[in-house]
Amino acid sequence: MHSKFVKLFLRLSLSTAFLSAVADRLGFWPEGLYSWGNWDVFVQSTQAMNPWFPGGMIPVVAFLATALEVIFALLLLLGLKTELIAKLSGYLLLAFALAITFSSSIKGSFDYSVFTASAAAFALALMKDKYLELDTILFQSHKEQ
């Protein structure tokens, strides 16, 4: 398998995982297919996973995590600053994995493959060849000037 296809697969996999999680917490998945199902339950889950944050900060943490997931997903789909966004995604996913691990157990992080997703994001950050990425167009126009 060629590395450009692996890179594209990693970009699409991470992007859709982020967008699916956001859709879940916003209630877009039908009943029976969601983990949270609505924003309020997600905020409660955020509090449970992050007991070290003051209660008043939890809605901000939940919003920030959601905003980052949407931004990272869109930028990975477009292939804009892929290496940087992949690295930041890896750190975000690692933070999720550690929050789950320290608030409940490592089993949750394993069951939801959060460490695996984090590792995939870090691997994507190391892949320098461009394939179907907006960066290719942007870099070409800068080189021609």
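This is a predicted model: local features need pLDDT of at least 70, side-chain atom pairs count only at pLDDT 80 or more; totals for chains, interfaces and linings use all residues.
As for the fold, the protein has seven helices and zero strands.

- Out of the protein's 145 residues, 34% count as buried.

**Overall layout**
- Read from the N terminus, the elements go α-α-α-α-α-α-α.
- Along the principal axes, the C-alpha atoms fill a box of roughly 50 × 30 × 25 Å.
- If you take the contacts with a separation of 6 or more, 65% of them come from residues 24 or more positions apart.

**A helix pair to look at**
- Two packed helices are described by the angle between their axes and the distance between the axes.
- Here, helix 3 covers residues 58–78 and helix 4 covers residues 82–103.
- Their axes come within 10 Å and cross at roughly 145°, and helix 3 passes helix 4 in a left-handed crossing.
- On the helix 3 side, the contact is made by Ala65, Leu68, Glu69, Phe72, Leu75 and Leu76.
- Helix 4 brings Thr82, Ile85, Ala86, Leu88, Ser89, Leu92 and Phe96 to that contact.

Key. Residues are numbered from 1 along each chain as its sequence is written. Side-chain values use heavy atoms; hydrogens and water are left out. Helices (H or I, at least four residues) and strands (E, at least two) are DSSP runs, numbered from the N terminus. Buried means under 20% relative accessible area, exposed over 50%, partly exposed in between (1.4 Å probe, protein chains only). Contact means heavy atoms within 4.5 Å. Axes are lines fitted to C-alpha atoms, for helices over the stretch in contact, and angles run from 0 to 180 degrees between N-to-C directions. A crossing is left-handed if the near helix is turned anticlockwise from the far one by less than a right angle, and right-handed if clockwise.
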